[in-house]
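Hi,

Here is the structure I promised to send over.

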Amino acid sequence: MPKFEPVLLANIGKQDSHTLKVYEASGGYGTLRKALKDMSPSAVVDVVKSSNLRGRGGAGFPTGLKWTFLPKDHPGPIYMCINADESEPATFNNRILMEDDPHQVIEGSILSCFATRATTAYIYLRYEYPVALERLQRAIDECYAAGYLGKNILGSDFSLDIYLHRGAAAYICGEETGLIESLEGKRAWPRIKPPFPAVEGVFRKPTVVNNIETVCCVRHIVDRGAEWFKSMGTPANPDNPRDAGSYGPKLYCISGHVNKPGCYEAPLGLTCRELIEEFGGGVWKGRRAKAAVPGGISMGVLSAEELDTRLDFDGPGRVDCLGLGTAAVTVMDETVSMIDFLHNTCRFFAHESCGQCTPCREGTHWALQMMDRMRAGHGRLRDLDLLLEIGDTIGIMPGTTICGLADGAAWPIKNAIRKFRGEFEEYIKRTNPTGYMVTEAVPALPVVQLH
Amino acid sequence: MSERVLTDEMVAAIKAYFPRYPTRQAVTLPALHIVNEKLRHVPLQAVVEIAELLELAPAQVQDTLSFYGLFKQDEPHGEHRAWVCRSISCALRGGEEVLDHLCKSAGIRPGETTADAKLTIEYAECLGVCEFAPAILDGTRTLKNMTIESADAYLAELGVRTKTNGEPTG
Ligand SMILES: Cc1cc2nc3c(=O)[nH]c(=O)nc-3n(C[C@H](O)[C@H](O)[C@H](O)COP(=O)(O)O)c2cc1C
Ligand code: SF4
Ligand code: FES
């Protein structure tokens with residue numbers, strides 16, 4: 001295989017990579033120019049569809065297919081929401097794209113709007129990214145001045161406005177319908193689907209929600225074609241009828257106990273071990289990896305024996321994880337207690353549950369209370385089954401909640417306890433030698449520092 | 001009637017957002033940000049005035065405000081507001097110890113402000129800078145790879161009184 005040349009990170013590291021001048025010097029906006037001159041919107045949809053691009057925001061839904069769900073011949077307006085809420089713990093690839101190559105983001109966004117006939121796009125940006133805010137705003141201003149945005153872009157009959165919309169520190173705004181509600185000025189309570197946003201989204205109009213990295217991929221697919229995109233990655237798993245293959249370049253984040261934490265680009269299908277060893281510089285302090293989160297904490301956890309899992313849309317599911325998620329790996333060395341890991345994830349989801357669905361609101365809080373109690377030396381073996389009961393019953397998959405946050409809360413619980421049960425049992429017996437067998441109700445401890 | 005808290009400048013900044021959205025309600029978050037940046041909190045009177053501008057019931061604005069973790073209402077946050085990450089990649093590299101140390105040194109709990117109004121400490125979930133864990137966000141500045149020592153240096157830089165250089169103001 002020829003050596004992989006970075007695509008999405010190609011400009012990053014160049015001096016002033018965030019400016020229009022530098023972006024144009026490496027061919028920037030040439031793709032847009034070409035598309036507006038030679039392609040129809042449906043031709044752009046077609047090339048994205050045949051590239052098999054799947055969304056990079058976490059769910060992996062085929063992008064071209066999503067675009068075809070928009071009603072035909074709609075009088076408009078159609079809205080595009082670019083999801084830059086990036087709040088899944090351990091994920092920072094969108095931030096790097098926005099801070100260091102904002103024009104790539106904007107060109108991809110304009111092309112995606114052209115394809116979907118959207119005339120207004122909102123970039124929903126998480127509050128915690130002030131540098132991205134400044135760089136994107138500057139890039140947008142430069143684009144208006146250069147005629148890449150506004151009325152009759154580059155003399156065509158396509159017009160587009162892009163606005164930045166700043167979030168206010170809530171993870172749930174990353175869920176596409178939570179994002180839409182938040183954009184409308186309301187609390188970010190996700191909506192029941194259907195109707196899907198493509199039919200009725202923001203301001204009750206057809207809406208496409210796409211991730212920052214997804215629209216960046218669009219820019220390169222339109223430039224280099226579907227076959228080029230499909231020359232990278234892994235084909236569909238014939239044993240999994242729901243797998244549509246994993247193609248193209250991907251930004252992998254790695255953090256935690258490695259020597260070189262960072263964001264690295266590789267064709268989809270890298271194994272977790274390759275990411276740790278070849279990019280992350282190996283586990284720190286000469287230690288061994290005990291476990292790793294495969295794609296943001298919502299995806300669950302890999303044991304040391306599962307590190308050869310391929311990080312593509314099919315791989316993590318083969319070892320009972322939820323999926324690829326954001327392809328953000330967190331490595332835990334042999335000194336980490338899985339009790340601490342699970343406590344940390346339970347605290348996150350209890351804090352971020354929007355509170356709308358009872359199973360999620362109550363389940364995440366009870367899970368945290370049990371983990372608090374366990375860490376305080378009051379754990380009981382029975383708690384493990386209670387935790388698993390929560391894990392097995394909250395989420396879209398069992399059908400009890402409105403959005404996928406609850407599935408994300410459930411997965412670390414299920415994976416950690418099923419893959420590391422021995423460690424949990426040993427911990428409970430050691431820290432609660434007189435009470436670990438108790439099965440009747442015990443009082444909860446006050447939860448500290450939740451809200 | 002209470003005294004108005006939105007200045008003409010704030011009102012103009014809020015109105016500048018109107019053309020961006022087909023509804024006034026969509027300007028709620030931008031308006032809250034505008035007020036919060038100036039006043040470091042959004043008092044109830046500001047909610048009433050924002051509602052008036054956006055042609056909403058105050059309860060609608062209040063409902064949105066109270067959903068998000070960002071806007072304080074009772075009193076302004078400090079001159080600095082440090083968001084200390086406690087999520088997994090930071091926790092694995094000592095983030096919770098840094099948070100604990102900052103709080104103890106400054107004599108406050110997360111969410112509170114020092115008496116001299118210099119610093120508010122907040123815990124945060126993943127700040128999206130995990131390659132620099134443990135991390136803190138203060139305004140537009142990211143403090144990277146924090147240690148107990150660099151946390152002390154940060155407090156000293158801000159001039160926050162701590163147990164080691166006098167009494168914490170609490
Ligand atoms: C709880 C939750 C949080 C999410 N957070 C994000 C996020 O921060 N960024 C993102 O792009 N997608 C996020 N998603 C996925 C979005 O709902 C949606 O699938 C995605 O933005 C679609 O874009 P894509 O098809 O380009 O990936 C989240 C989903 C859930 C259930
Ligand atoms: S599953 Fe949880 S986060 Fe999602 S809508 Fe229901 S309560 Fe809110
Ligand atoms: S976990 Fe702390 S910045 Fe991501």
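Which strand gives the largest share of the shell around ligand 1? That is strand β4 (residues 207-211) of chain A, with 3 residues; strands here are DSSP runs (E, at least two residues), numbered from the N terminus.

Before you go further: this is a predicted model, where local features need pLDDT of at least 70, side-chain atom pairs count only at pLDDT 80 or more, and totals for chains, interfaces and linings use all residues. Residues are numbered from 1 along each chain as its sequence is written, chains are lettered from A and ligands numbered from 1 in the order written, and side-chain values use heavy atoms, with hydrogens and water left out.

Back to the ligand. Gly57(A), Asn83(A) and Thr214(A) are among those that come nearest, out of 19 residues around ligand 1 (a heavy atom within 4 Å). Gly57(A) brings a backbone N or O atom to 2.7 Å from a ligand oxygen. On its own ligand 1 exposes 610 Å², and the protein buries 89% of that (Shrake-Rupley, 1.4 Å probe).

Now the inside. The largest nonpolar core has 95 residues, and Met374(A) and Tyr68(B) are among those with the most contacts inside it. A core here means buried Ala, Val, Leu, Ile, Met, Phe, Trp, Tyr and Cys joined through side-chain atoms within 4.5 Å, buried being under 20% relative accessible area (1.4 Å probe, protein chains only). A second, separate core of 69 residues includes Phe114(A) and Val222(A).

Cheers

Technical notes:
A polar contact is a pair of N or O atoms within 3.5 Å; within protein, one must be able to donate a hydrogen and the other to accept it, and residues adjacent in sequence count only if both atoms are side-chain atoms. Helices (H or I, at least four residues) and strands (E, at least two) are DSSP runs, numbered from the N terminus. Buried means under 20% relative accessible area, exposed over 50%, partly exposed in between (1.4 Å probe, protein chains only).
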